[in-house]
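I opened the model today to look up a few points and write them down in order. The notes follow the order in which I looked.

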Amino acid sequence: MNKASQHEWLLQSECPSGVVNEDTFKDIYSQFFPQGDASTYAHFLFNAFDTDHNGAVSFEDFVMGLSILLRGTVQEKLNWAFNLYDINKDGYITKEEMLDIMKAIYDMMGKWTYPILKEETPRQHVEIFFQKMDKNKDGVVTIDEFIDCCQNDENIMRSMQLFENVI
């Protein structure tokens with residue numbers, strides 16, 4: 001069973017009504033990542049899938065988002081990633097937003113997965129990203145800066161695979 005069908009099967013079995021709420025997302029992700037705390041990352045992910053922000057994600061919306069992440073173009077995947085990082089959906093990524101996502105990913109992966117990681121690692125990761133992405137040094141990253149930087153930086157594209165692995 002591939003990753004997409006695993007997600008679809010789990011979602012269908014967890015929510016026969018065809019609509020999923022945030023708690024169901026958290027339950028699903030806690031099953032995928034039992035070694036860590038997936039609740040915060042599941043919250044951010046739910047918000048990214050909940051495109052109309054009504055507190056529920058239809059099965060169709062979920063499959064559509066998953067399709068972009070697994071089979072979409074690089075541009076589509078980067079647009080989706082930007083939307084995930086832009087927590088308050090104001091069209092900009094701040095250091096705080098990126099740090100919140102990074103911490104959530106580290107929490108979810110669990111200390112047994114990355115035993116040598118220190119508390120400062122997510123912050124260092126964010127600093128490196130921002131040095132590269134924030135071209136005009138105004139303290140925020142726009143979607144154009146994000147996409148331009150990601151497409152032109154092999155290291156960032158490799159880092160994005162960490163993100164893809166936790167979808």
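I wrote down the rule: a salt bridge is a side-chain nitrogen of Lys or Arg within 4 Å of a carboxyl oxygen of Asp or Glu. Side chains of opposite charge can pair when their charged atoms come close. Both Lys 26 and Glu 22 belong to helix α2 (residues 22-32), and they are 4 residues apart, about one turn of the helix. I also noted how elements are named: helices (H or I, at least four residues) and strands (E, at least two) are DSSP runs, numbered from the N terminus. Lys 26 is partly exposed because its relative accessibility is 27%, and Glu 22 is partly exposed at 21%. The cut-offs I used are buried for under 20% relative accessible area, exposed for over 50%, and partly exposed in between (1.4 Å probe, protein chains only).

A reminder to myself on the source: this is a predicted model, where local features need pLDDT of at least 70 and side-chain atom pairs count only at pLDDT 80 or more, while totals for chains, interfaces and linings use all residues. Residues are numbered from 1 along each chain as its sequence is written, and side-chain values use heavy atoms, with hydrogens and water left out.

I asked which residues of α2 are buried. They are Thr 24, Phe 25, Ile 28 and Tyr 29. These residues cover an arc of only 130° around the axis, so they are on the same side of α2. The arc is that of the directions from the helix axis to the C-beta atoms. At the N-terminal end of α2 I found a cap: a side-chain oxygen of Asn 21 lies 3.2 Å from the backbone nitrogen of Asp 23.

Entry 3, the other salt bridges. How many salt bridges does the rule give? The count is 3. Lys 95 forms one with Glu 127, and the closest N and O atoms are 3.1 Å apart. Lys 95 lies in helix α6 (residues 95-109) and Glu 127 in helix α7 (residues 121-133), so this pair ties together parts that are 32 residues apart in sequence. Both ends are partly exposed: Lys 95 has a relative accessible area of 32%, and Glu 127 has 30%.

Asp 153 forms a salt bridge with Lys 132, and here the closest N and O atoms are 3.4 Å apart. Asp 153 is in the loop between α8 (143-151) and α9 (154-165), Lys 132 is in helix α7, and the pair links distant parts of the chain, 21 residues apart. Is Asp 153 buried or exposed? Asp 153 is buried, with a relative accessible area of 15%, whereas Lys 132 is partly exposed at 29%.

I checked phi of Lys 89 and got a value near 55°, which is positive in a residue other than glycine. Lys 89 lies in the loop between α5 and β3 (92-94) and is partly exposed at 26% relative accessibility. Lys 89 and Asn 47 are 42 residues apart in sequence, and their C-alpha atoms are 9.7 Å apart in space. Phi of Lys 137 is also positive, near 55°. Lys 137 is in the loop between α7 and β4 (140-142) and is exposed, with a relative accessible area of 57%.

I recorded 9 helices and 4 strands. Along the sequence they follow the pattern α-β-α-α-β-α-α-β-α-α-β-α-α. Of the 167 residues in the chain, 42% are buried.

Methods: A polar contact is a pair of N or O atoms within 3.5 Å; within protein, one must be able to donate a hydrogen and the other to accept it, and residues adjacent in sequence count only if both atoms are side-chain atoms.
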